[in-house]
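Attention falls on the residues and secondary-structure elements that line them.

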Amino acid sequence: MDKMMDSPWVLRIIALILACLLFFSVRTELSPLSKTITSEQTTVIRDVPVDVFYDDKNLIVTGIPKTVDVTIKGPMPLVIQAQSSRDFSIFVDLSKLLIGEHNVALKYENISDKLQVTLDPATVKVNIEEKVTQEFRVDPEMNNRLIEQGYVLEGMTADPATVYVTGPKSIIENISYVKATVTGEKGMKEPFSQVATVKVLDRDLNKLDVKIEPETVKVQVDIGAYSRELPVVLKEVGNAADGIIVNKLTFNPTTVKVYGRKSIIDALTAIPIEVDLSKITESKTYEFDVKLPEGVTSSSAKIKVKADITKVEQETTTTTTTTTTPAPTPDAKPDTKPDSNPDAKPDPNPSPPPEESNDHSEDNTTTEKTEDIDS
């Protein structure tokens, strides 16, 4: 072995082998594949959530974005690993800050130190405020154009009627409306119920970012025919029968509710009821039909009219029958004869006249007869 090592040719061969090995080693390092493996790469990881640390029981923070874009640059294996696993986090710690506005920098963790990290945005302006919870009444709303003609929205109620809104004090103070909007198809004419989402709006109808409990309410929508309450007016027609005097007419109800299209109903001022006086013959209650224009209905089909009358007797008719003695004829002579002795004196004791006969003729008597005719 020592003899072989002492041979110059053996040493030359060994040196040649080492030179070849060294050559191929350097070439491998300079090859394109090696450059690809060891080269740097840049990639953008979008919509990475941001964690915020603060006293969320008593405070509320605004101004923190929900997500940020993270740009990482470095060796390709590390970049690919970070992009695929996304096991890093972006956060901001506000636990030591007081109430008010602050400019804070976003931070990251669990990213290799060999990677260059850029956040977008890198800093944010936050506002730390007192958390306020307040109860508000929910006002249901609906587009009236969805209601069929001749019908109107009679009312809407929400269940529950109130909700609790939690948010920063400055936002809670700017709340002007708490609405629950009902939707549907055109031509509604019957009551219905619907679950609607509650919205909190400011004076300019901008939606506010607050927490609402509960987020939805059940809205009951009452739809009915358009109506108005109108007075009843009696209109007397015809004449009372002979012997009937109508003293007073009273009616009930004095008003009726009419239904129909708004244009027709609004043109009415009263409901006339025609009372035919010829049909009133005694003091009692009569019913008369309510006559309405076409397309109009009412809550009462008939009106009760109470009549107070007086019956008048006709004038008394008297019939008189008289029988008299016939007048004497011109040739008849009086029964009295002249006194033959004009100088004769009257008898101081005249004899009584002869008794008149008790037989009187009915012809010498007058009889009256009376007949009452009731109309």
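This is a predicted model: local features need pLDDT of at least 70, side-chain atom pairs count only at pLDDT 80 or more; totals for chains, interfaces and linings use all residues.

A pocket is here an open set of points on a 1 Å grid over the protein atoms alone, with protein on both sides within 12 Å along at least five of seven lines, and its lining residues are those with an atom within 4 Å of a point.

By this definition, the second largest pocket is lined by Asn144, Ile147, Glu148, Gln149, Gly150, Tyr151, Val152, Leu153, Tyr226, Arg261, Lys262 and Ser263. The space in this pocket amounts to about 210 Å³. Two elements, strand S10 (151-159) and helix H6 (262-265), each contribute at least two lining residues. The greatest contribution to this lining is that of S10, which provides three residues. In terms of class, five residues of the lining are nonpolar, four are polar and three are charged.

The largest pocket holds about 460 Å³ of space. It is lined by 16 residues, of which Tyr54, Ile60, Val61, Thr62 and Asp209 are the closest to its centre. Three strands each supply at least two residues of this lining: S2 (59-62), S11 (162-168) and S14 (211-213). Which strand gives the most to the lining of the largest pocket? That strand is S2, with three residues. The lining of the largest pocket comprises nine nonpolar, five charged and two polar residues.

Key. Residues are numbered from 1 along each chain as its sequence is written. Side-chain values use heavy atoms; hydrogens and water are left out. On a 1 Å grid over the protein atoms alone, a cavity is a set of points where a 1.4 Å probe fits but cannot get out, and a pocket is an open set with protein on both sides within 12 Å along at least five of seven lines; lining residues have an atom within 4 Å of a point. Grid points are joined across faces, edges and corners, and a volume is the space filled by probe spheres set on the points. Helices (H or I, at least four residues) and strands (E, at least two) are DSSP runs, numbered from the N terminus. Ala, Val, Leu, Ile, Met, Phe, Trp, Tyr, Cys and Pro count as nonpolar, Asp, Glu, Lys and Arg as charged, and the others, Gly among them, as polar.
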